[in-house]
Amino acid sequence: MKHDLIKDLTLSHIAIAVSDLDKAQSFYTSLGLKFFERREIVQDQGVETAFAQIDQSAQLELLKPHGEDGPIHQFIQKKGEGLHHLCFYVEDIKSKCQELRAQGVKLLYEKEKVGAHGDLINFIHPKSAGGVLIELAQKSKGDKA
Ligand code: CMX
């Protein structure tokens, strides 16, 4: 069966919380993924990230705590390593968030923040999404990848 692609919502990345980036990267490399050389520290989120391309659009993001204040540190302390969130790219994050708020969906931030790659981001609380943490992102203008 052929499906029409929804251009306004594409999978950006699947994120995994890890304690050791090198170890996790080595595992996913042995699975066949190729990681970008550049790792990024996102101070605001308290994480260090490593990304690998999965297919034409989606990536795998490994998230290691940077410091002891961030959500990934807390997540690993409480639950251990594992699947952390899904991220979808949207065309216009501000209007998408307004649309969702109007439907009663709980978003974490009142105003979008700057995340990895300089993208604008917000999150849907897992309690509003059947137990799954969902990140919404709008591509930064400088990032055409
Ligand atoms: N996926 C699913 N459920 C989750 C979750 C996750 N990643 N993190 C927490 N939860 C659940 C908990 O299990 C808990 O449920 P119960 O009440 O049923 O036990 C509930 O949410 C509250 O959890 P908590 O441990 O008390 O955690 P907090 O409320 O302190 O924080 C959250 C949860 C989602 C608000 C926090 O993790 C957050 O602000 N996340 C957004 C920012 C983020 O994750 N940044 C990471 C880096 C982003 C990137 O660069 O990609």
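Guide: Let us start with D8, which is partly exposed, with a relative accessible area of 30%. This is a predicted model, in which local features need pLDDT of at least 70 and side-chain atom pairs count only at pLDDT 80 or more, while totals for chains, interfaces and linings use all residues. Residues are numbered from 1 along each chain as its sequence is written, and side-chain values use heavy atoms, with hydrogens and water left out.

Visitor: Why is D8 called partly exposed?

Guide: Buried means under 20% relative accessible area, exposed means over 50%, and partly exposed is in between (1.4 Å probe, protein chains only). D8 has 30%, so it is partly exposed.

Visitor: What makes the contact of K96 and D8 a salt bridge?

Guide: A salt bridge needs a side-chain nitrogen of Lys or Arg within 4 Å of a carboxyl oxygen of Asp or Glu. For K96 and D8 the N to O distance is 3.6 Å, so the pair qualifies. K96 sits in helix α3 (residues 93-102) and D8 in the segment before β1 (9-17), 88 residues apart. Helices (H or I, at least four residues) and strands (E, at least two) are DSSP runs, numbered from the N terminus.

Visitor: Is K96 buried or exposed?

Guide: K96 is buried, because its relative accessible area is 17%, and the limit for that word is under 20%.

Visitor: Which residues are joined with K96 into one network?

Guide: K96 also forms a salt bridge with E99, again 3.6 Å from N to O. Both lie in helix α3, three residues apart, about one turn of the helix. Salt bridges that share partners join D8, K96 and E99 into one network.

Visitor: How do you know that R39 and D22 form a salt bridge?

Guide: Their closest N and O atoms are 2.9 Å apart, which is within the 4 Å limit. R39 lies in the loop between β2 (34-35) and β3 (40-42) and D22 in helix α1, so the pair ties together parts that are 17 residues apart in sequence. D22 is called exposed because its relative accessible area is 52%, and the cut-off is over 50%.

Visitor: What makes a group of residues a nonpolar core?

Guide: It is a set of buried Ala, Val, Leu, Ile, Met, Phe, Trp, Tyr and Cys residues joined through side-chain atoms within 4.5 Å. The largest one here has eleven residues, among them I16, Y28, F35 and L60. Helix α1 (21-31), β4 (47-53) and β5 (59-65) each give two or more residues to this core, and α1 has the largest share, three residues.

Visitor: Why is H85 called buried?

Guide: H85 is buried because its relative accessible area is 5%, against a limit of under 20%. H85 is in strand β6 (residues 82-90).

Visitor: What makes the link of H85 and E135 a polar contact?

Guide: A polar contact is a pair of N or O atoms within 3.5 Å; within protein, one must be able to donate a hydrogen and the other to accept it, and residues adjacent in sequence count only if both atoms are side-chain atoms. The side chains of H85 and E135 are joined at 2.9 Å, which is within that limit.

Visitor: Which residues are closest to the ligand?

Guide: Q45, E61, K78, K79 and K127 are the closest of the 20 residues that surround the ligand, each with a heavy atom within 4 Å of it. A polar side-chain atom of K78 lies 2.7 Å from a ligand oxygen.
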